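Please keep the sequence and the model in view while reading.

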Amino acid sequence: MTTTVKAYGAVSTTDPLEPMTVERRELGPHDVFIDIDYAGICHSDIHTVRGDWGPIAYPQVVGHEIVGHVAAVGSAVTKHKVGDRVGVGCESGSCGECAQCLKGEEVYCLKGNIQTYAGVDLDGTITQGGYSQATVVDERFVLSVPESLPLEKVAPLLCAGVTLYAPLKHWRAGLGTKVAIIGMGGLGHVGVKLAHALGAEVTVLSRTLAKKDDGLKLGADHYYATEDPQTFEKLAGEFDLILNTVSAGLDYGMYVNLLAVDGTLVILGAPTEPVAVDAINLITHRRSIAGSANGGIADTQEMLDFCAEHGIVPETELIGADYINEAYERVLASDVRYRFVIDIKSL
Ligand code: NAP
Ligand code: ZN
């Protein structure tokens, strides 16, 4: 039997989100039933419900930064037990058999993973996300939240955290590397904390200096305004790794020029505009442009444990469900310090 739970979701690309209900599947042997406590608001939620990435089916409940408690487990579940503090991120399923899944990189599943929302579930239904009272997820995709991390602040780590941690790890950011983060928003501010904790020299590239004090407090060594053309002269050839978290299109070529020899610009922000750069500027410095999607389950757990070890939590503003639409407008206006988290009790 399915379970009906309260949720808050979109009915069209333009209407405000509204209260609704969703059905959660009957608990299978490998499933975990999670009572959700908090859900973060990621800019991807807004891209999705507003149709920025193409048409979706409505009604749609989004939210892929989910934390809560285990309320029930299927008969074969071994990884979690009732009462555990757990999290769910952007993916809730994958084939489990392809080379990427076997490596623990479920996010790059060769058969296509199951997105936590707006994805196609095994039974053909559209997945519904975390702005809801409860969810049912395969135990492989349920993360353990370390006891020392305050649950109310942890949710954004499930997407924003791992989306920055995975490329920092993949491109070996650490002592002796110079890392720049473009965009001081939900993703960017967590990136500053993580890169600093990994030992890298961290620079924030924000449009203005309005958030400079915060950036330096969170661990940045330097902070520059990208609206100032001198920034691009001063920092030419400077960085080993640039992580772009901007939700809108950018003149990527300007940022390629900030890469050192062998440097990489990693695109994390996901606008739909194409990436155009001058080939010569890549060739002459053996520079790369790459993309990166959140992260595999192993990296996500490693990131949570790393955050516990280093006392890292996102800067959050806790809101009730009735504030979600206003929060969306504030995210779009970059008026968020630095992640909204929905108190699911308020549903
Ligand atoms: P966010 O909180 O809105 O932050 C985005 C930041 O980008 C803003 O704080 C702002 O930084 C900058 N920005 C916004 N509009 C801009 C513009 N027109 N020109 C230049 N800079 C602008 O969003 P988020 O939740 O961090 O997500 C950022 C992007 O990453 C979204 O596109 C989201 O879909 C994507 N994303 C990708 C993945 C992945 O797996 N790769 C995962 C999660 C999210 P400043 O004010 O500092 O300039
Ligand atoms: Zn996200």
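## Domain arrangement

Buried area is the accessible area, taken with a 1.4 Å probe, that two parts lose on being put together, summed over both. In this predicted model, domain 1 and domain 2 bury about 1,100 Å² between them, and 52% of that area is on carbon and sulfur atoms.

Domain 1 is made of two segments, 3–156 and 314–346, while domain 2 covers 160–291. The C-alpha centres of domain 1 and domain 2 lie 27 Å apart.

## The interface between the domains

Where the two domains meet, 12 residues of domain 1 are in contact with 16 residues of domain 2. Across this interface there are 9 residue pairs in polar contact, with both residues at pLDDT 80 or more; by class, the side of domain 1 that touches domain 2 has 5 charged, 4 nonpolar and 3 polar residues.

The interface of domain 1 and domain 2 also holds 1 salt bridge. A salt bridge joins the side chains of Glu315 and Lys193, with an N to O distance of 2.6 Å.

## The zinc site

Three residues coordinate the zinc ion (ligand 2), namely Cys42 through SG, His64 through NE2 and Cys159 through SG, at distances of 2.0 to 2.2 Å. Along the chain, the donors of this zinc ion follow the spacing C-x21-H-x94-C.

His64 lies in the loop between α1 (43–49) and β4 (66–73), and Cys159 in the loop between α3 (151–154) and α4 (160–170), so this pair ties together parts that are 95 residues apart in sequence.

How values were computed
Residues numbered from 1 in each chain as written. Chains lettered and ligands numbered in written order. Predicted model: local features only at pLDDT ≥ 70, side-chain atom pairs only at ≥ 80, totals over all residues. Heavy atoms only, no water. Domains from an automatic or database assignment. Contact = heavy atoms within 4.5 Å. Salt bridge = Lys/Arg side-chain N within 4 Å of Asp/Glu carboxyl O. Polar contact = N/O pair within 3.5 Å; in protein donor to acceptor, adjacent residues only side chain to side chain. Nonpolar A, V, L, I, M, F, W, Y, C, P; charged D, E, K, R; others polar. Donors = N, O, S within 2.8 Å, 3.2 Å for Na, K, Ca; no water. Helix = DSSP H or I, 4+ residues; strand = E, 2+ residues; numbered from the N terminus.
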